[in-house]
Amino acid sequence: MPSPNIWQHPATYELENRAVDPGHVLESAMREIADWAGLALLDLGCGTGFHLPAFAESASSVFGVEPHPALVNLARRRTRALANVRVLQGTAQQIPLPAASVDVVQVRWAYFFGPGCEPGLAELARVVRTGGTAFVIDNDAARSTFGSWFRRAHPATDPCEIERFWSVQGWSRVPLDIRWEFGSRADFESVIRIEFSPELADQIVGAHEGTGVEYAVNLWWRRF
Ligand SMILES: C[S@@+](CC[C@H](N)C(=O)[O-])C[C@H]1O[C@@H](n2cnc3c(N)ncnc32)[C@H](O)[C@@H]1O
């Protein structure tokens, strides 16, 4: 699935990742549901591997799977000193891991956007061990300032349809309020410009002050 933000602008996407969720709301919510300490964790659609080193601090083994070759290289370079991390080229529809090989999966803003991701869901069911947990993190277009920007960018996205899709598949939803908080206005504006069309980015930058924004997300999760 094309991801022009990180494929074309990995350095700016790095700024975005650093700005996401300074209060670690997501990590706390995930650890309450399924802590990965001592377990095997998969970060599916791991991009440049931004999250792999933090997972590697407590997981026994960490796999990053990513389809885009240039990002696979960046993720490998980021984690080359970490003995318990492996980065593999692959997709959510064809995960290059054996059956029942991981305990916890994180998928952050990658591929699992609701209807259409059924082949990836079948692969999750294959690779996650019985009792294991998968997490999908995605935007909640129904809430928050960021959600209103996202709705303007993707007017065809229907938050109710997405919610229905996940509950029919047996997933639970935890609505969370996080923030983007940047070190400078220039960083904020550069990230807005990789996430939105030039016209919408101009409108956002013209109307929204400061170096951050409140951002509603859904943490979807399922036990296998
Ligand atoms: C917005 S980026 C997020 C990257 C990473 N999860 C992060 O939070 O830094 C989306 C990622 O999903 C990857 N991706 C796209 N299609 C995919 C697929 N079919 N299976 C797995 N990953 C995919 C992209 O290559 C990209 O790295």
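This is a predicted model: local features need pLDDT of at least 70, side-chain atom pairs count only at pLDDT 80 or more; totals for chains, interfaces and linings use all residues.
Student: Which backbone atoms lie 2.8 Å and 3.0 Å from a nitrogen atom of the ligand?

Tutor: For 2.8 Å, a backbone N or O atom of Gly45. For 3.0 Å, a backbone N or O atom of Arg108.

Student: How much of the ligand's accessible area does the protein cover?

Tutor: On its own, the ligand has 600 Å² of accessible area, and the protein covers 97% of that.

Student: Which residues come nearest to the ligand?

Tutor: Trp7, Asn17, Gly45, Glu66 and Ala92, out of 21 residues around it. By class, the shell has eleven nonpolar, eight polar and two charged residues.

Student: Which helix gives the most to the shell?

Tutor: Helix H1 (4-8), with three residues. Helix H2 (10-19) supplies at least two.

Student: Why is strand S4 (residues 102-108) called largely enclosed?

Tutor: Buried means under 20% relative accessible area. Seven of the seven residues of S4 are buried, so the rest of the structure largely encloses the strand.

Student: How do you know that S4 pairs with strand S1 (residues 40-44)?

Tutor: Pairing needs at least two bridges. S1 and S4 have three, in the parallel sense. In one of them, Leu42 has Val105 of S4 as its bridge partner.

Student: What joins S4 to strand S5 (residues 128-139)?

Tutor: Six bridges, and the two strands run parallel. Arg108 stands opposite Ile137 in S5. Between S4 and S5 the chain passes through helix H6 (residues 118-127), a right-handed β-α-β crossover.

Student: What makes Ser101 buried?

Tutor: Ser101 is found in the loop between strand S3 (85-89) and S4. Its relative accessibility is 13%. The cut-off is 20%, so Ser101 counts as buried.

Student: Which backbone oxygen lies 2.7 Å from a polar atom of the Ser101 side chain?

Tutor: The backbone oxygen of Pro98.

Conventions:
Residues are numbered from 1 along each chain as its sequence is written. Side-chain values use heavy atoms; hydrogens and water are left out. Buried means under 20% relative accessible area, exposed over 50%, partly exposed in between (1.4 Å probe, protein chains only). Helices (H or I, at least four residues) and strands (E, at least two) are DSSP runs, numbered from the N terminus. A crossover is right-handed if, with the strands pointing away from the viewer, the path from the first strand over the helix to the second runs clockwise. A residue is near a molecule or strand if one of its heavy atoms lies within 4 Å of it. A polar contact is a pair of N or O atoms within 3.5 Å; within protein, one must be able to donate a hydrogen and the other to accept it, and residues adjacent in sequence count only if both atoms are side-chain atoms. Accessible areas come from the Shrake-Rupley method with a 1.4 Å probe; for residues, only the protein chains shown count as cover. Ala, Val, Leu, Ile, Met, Phe, Trp, Tyr, Cys and Pro count as nonpolar, Asp, Glu, Lys and Arg as charged, and the others, Gly among them, as polar.
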